Amino acid sequence: MNKNIMKITKAEALSKNANRIRQDLITAIYYAKSGHPGGSLSCSDILAVLYFNEMNINPLKPDDKSRDRFVLSKGHSAPALYATLAERGYFSKDDLITLRNIDSVFQGHPDMNKVPGIDMTTGSLGQGLSVANGMAIASKMDKMGYRVYCLIGDGELEEGQIWEAAMTSSKFNLDNLCVIVDCNELQLIGKTEEVKGLNAENIEQKFKSFGFNTKVIDGHNIEEIMQAFENATLTKGKPTAIIAKTVKGKGISFMENNPAWHGKSLNDEEYKKAIEELNNV
Ligand SMILES: Cc1ncc(C[n+]2csc(CCOP(=O)(O)OP(=O)(O)O)c2C)c(N)n1
Ligand SMILES: [Mg+2]
């Protein structure tokens, strides 16, 4: 069979996974009456490629010692991770609508002790890369060979601990570590450019100067995401940082690029419109 045809089919399938992830996370946030839709929608394509194409994982063995690890450093995007794990078969999709209920395992931020498939408890911004470093070092010390992926928000990069950790990643030549920056150009209070002068290009320069292999990509182009991960795996002797240019609120017109949708739920009318739009992709 023609290799290109096979590749297009795979990208299309991953795109459908991402669309279902978007629908499920929006439904969960709608029922919860609170949550973070903007940054969850911006990282859905990245998560679909990670969990359906890139990572060596098995939903039937969520604690397998040799599995690849994922750290959602931007823990407020938990709805996207829960929806991805459900789509991948870690647990039933029916349970997603218990998001943020007091007795639910699906809290507003991920808890590794409660949810199968969650490798690290997160939510306090800035800490994920430090943990991912530890995992990547452990993989090398134990000769396990697993890879570690860490998704960081662009606003989150303003946390100083990220850059302390970045020094460690390259000092220890962690070529089994791949950082992905969800570069949607918005943080809670507005544009990252206006808050701390951050944009995709100077974020790339910063990681490069810290000793990372870097690549700026379109974070909604499935083929580009797949290729960037392939390039990261082939890169030896240094960690990789993929700066994924994304759109906050991607897929729902009235949420796209609108900071107001960083952390709020939808009313009945908005929910209906959102699902309609996602259904029409
Ligand atoms: C240490 C810490 N400070 C503040 C917050 C509150 N907070 C949650 S999300 C967010 C903005 C994050 O922006 P960004 O990293 O760009 O995330 P995204 O745009 O992907 O939602 C803030 C300030 C937090 N979770 N942790
Ligand atoms: Mg952001």
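Lys143 is located in the loop between H5 and strand S2 (148–153). In this predicted model, Lys143 adopts a positive phi of about 50° although it is not a glycine. With a relative accessible area of 74%, Lys143 is exposed. A positive phi is also found at Arg100, a residue other than glycine, where the angle is near 70°. Arg100 belongs to the loop between helix H4 (78–88) and helix H5 (128–141), and its relative accessible area of 30% makes it partly exposed. Most residues other than glycine have a negative phi.

Aromatic contacts were examined next. A pair of aromatic rings is described by the distance of the centres and the angle of the planes. The count comes to 10 aromatic pairs. One of these joins Trp163 and Phe210, whose ring centres are 5.1 Å apart and whose planes meet at 50°, so the pair is classed as tilted. This pair links distant parts of the chain, 47 residues apart: Trp163 lies in helix H6 (residues 160–171), whereas Phe210 lies in the loop between helix H8 (200–209) and strand S6 (213–218). Trp163 counts as buried, at 15% relative accessibility, while Phe210 is partly exposed, with a relative accessible area of 24%. Both residues belong to a cluster in which ring pairs link Trp163, Phe207, Phe210 and Phe212.

Charged side chains also sit over aromatic rings. Arg69 lies over the face of Tyr146, at 4.0 Å from the ring centre. The charged end of Lys171 is placed over the ring of Phe172, at 5.5 Å from its centre.

Terms used: Residues are numbered from 1 along each chain as its sequence is written. Chains are lettered from A and ligands numbered from 1 in the order in which they are written. This is a predicted model: local features need pLDDT of at least 70, side-chain atom pairs count only at pLDDT 80 or more; totals for chains, interfaces and linings use all residues. Side-chain values use heavy atoms; hydrogens and water are left out. Rings of Phe, Tyr and Trp (its six-membered ring) pair if their centres lie within 6.5 Å; planes under 30 degrees apart count as stacked, over 60 as edge-to-face and the rest as tilted. Helices (H or I, at least four residues) and strands (E, at least two) are DSSP runs, numbered from the N terminus. Buried means under 20% relative accessible area, exposed over 50%, partly exposed in between (1.4 Å probe, protein chains only). A charge sits over a ring if NZ of Lys or CZ of Arg is within 6 Å of the ring centre and within 35 degrees of the ring normal.
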